Amino acid sequence: MMEELVGVGAVTLLGVLEQAYFSLQVIYARRKYSVSPPATSGPPEFERVFRAQANCSEYFPIFITVLWLSGVFFSQGLSSVCGLLYLYGRFNYFQGYSESAQGRLAPLYFSAKILWILIGFSAVGIFLTFCRVYLNVDLLQELCSILGLF
């Protein structure tokens, strides 16, 4: 079982490292713009870095949850690819927001779409597993037999 989830595990680790990188960028911005903790306001350049990190942190638990649900119940491979795309989108979001408030929008929409795909994969996977385990109905097998694929 563990070998089957190595892709999702690797994406999770990359996500944790990305979050650490974002946090370090806030520390560097605090030093650069002389904003001492616990203050969260300062020059616009600092506030954009701070908000970009905070926004990424706010979405991270949702991402990790649906990444694992999708990987366990739907497809580890597709979930891992979507996870990498999400992390790429979040990195671009952080970079874009750090430069300008407008720079965050395209990567925000991209990563949101990937997140919704993972939510969809999770829902479908959980539904199919529920039907198979508790209702003793394998909907995928039924569908394939109806379509003549088996």
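**Note on the predicted model**

1. In helix 4, the buried residues are Leu105, Pro107, Ser111, Ile114, Leu115, Leu118, Phe121, Ser122, Gly125, Leu128, Thr129 and Cys131. The structure discussed here is a predicted model. An α-helix has 3.6 residues a turn, so residues three or four places apart point the same way.

2. The length of helix 4 may be considered next. Helix 4 contains 30 residues, and the distance from its first C-alpha to its last is 43 Å, close to the 44 Å expected at 1.5 Å a residue.

3. Ile126 is also a residue of helix 4. Ile126 counts as partly exposed because its relative accessibility is 37%. Not counting residues up to four places away in sequence, Ile126 touches Leu69 and Phe73. The C-alpha atom of Ile126 is separated by 8.3 Å from that of Ser70, although the two residues are 56 residues apart along the chain.

4. Asn136 follows helix 4 and has a positive phi, near 60°. Asn136 is found in the loop between helix 4 (105-134) and helix 5 (139-147), and its phi is positive although the residue is not a glycine. With a relative accessible area of 70%, Asn136 is exposed, since the cut-off for that class is over 50%.

5. Ser34 is exposed, its relative accessible area being 63%. Pro38 lies in the loop between helix 1 (6-33) and helix 2 as well. The peptide bond that leads from Pro37 to Pro38 is cis, with omega near 10°.

6. How do helix 1 and helix 3 pack, and at what angle? The angle between helix 1 and helix 3 (residues 76-99) is about 10°, and their axes are 8 Å apart. Helix 1 and helix 3 are therefore roughly parallel to each other, as angles under 35 degrees fall in that class. On the side of helix 1, the contact is made by Val6, Gly7, Val8, Val11, Leu14, Gly15, Glu18, Tyr21, Phe22 and Gln25. Helix 3 contributes Gln76, Ser80, Gly83, Leu84, Leu87, Arg90, Phe91, Phe94 and Gln95. The residues of the contact of helix 1 with helix 3 comprise 10 nonpolar, seven polar and two charged.

7. Is Gln53 buried or exposed? Gln53 counts as buried because its relative accessibility is 14%, and the cut-off for burial is under 20%. The place of Gln53 is in helix 2 (residues 44-73). Leaving aside its neighbours within four places in sequence, Gln53 is in contact with Phe22, Ser23, Val26 and Phe94. Two of these partners, Phe22 of helix 1 and Phe94 of helix 3, also belong to the contact between those two helices.

8. How many salt bridges does the count give? The count comes to one salt bridge. The pair consists of Arg51 and Glu58, with the closest N and O atoms 3.7 Å apart. Arg51 counts as partly exposed, at 32% relative accessibility. Glu58 likewise counts as partly exposed, with a relative accessibility of 47%.

Methods: Residues numbered from 1 in each chain as written. Predicted model: local features only at pLDDT ≥ 70, side-chain atom pairs only at ≥ 80, totals over all residues. Heavy atoms only, no water. Salt bridge = Lys/Arg side-chain N within 4 Å of Asp/Glu carboxyl O. Buried < 20%, exposed > 50% of the residue type's maximum accessible area, 1.4 Å probe, protein only. Helix = DSSP H or I, 4+ residues; strand = E, 2+ residues; numbered from the N terminus. Contact = heavy atoms within 4.5 Å. Axes fitted to C-alpha atoms, helices over the stretch in contact; angles between N-to-C directions. Parallel < 35°, antiparallel > 145°, perpendicular 65-115°, else oblique. Nonpolar A, V, L, I, M, F, W, Y, C, P; charged D, E, K, R; others polar. Expected span 1.5 Å × (residues − 1).
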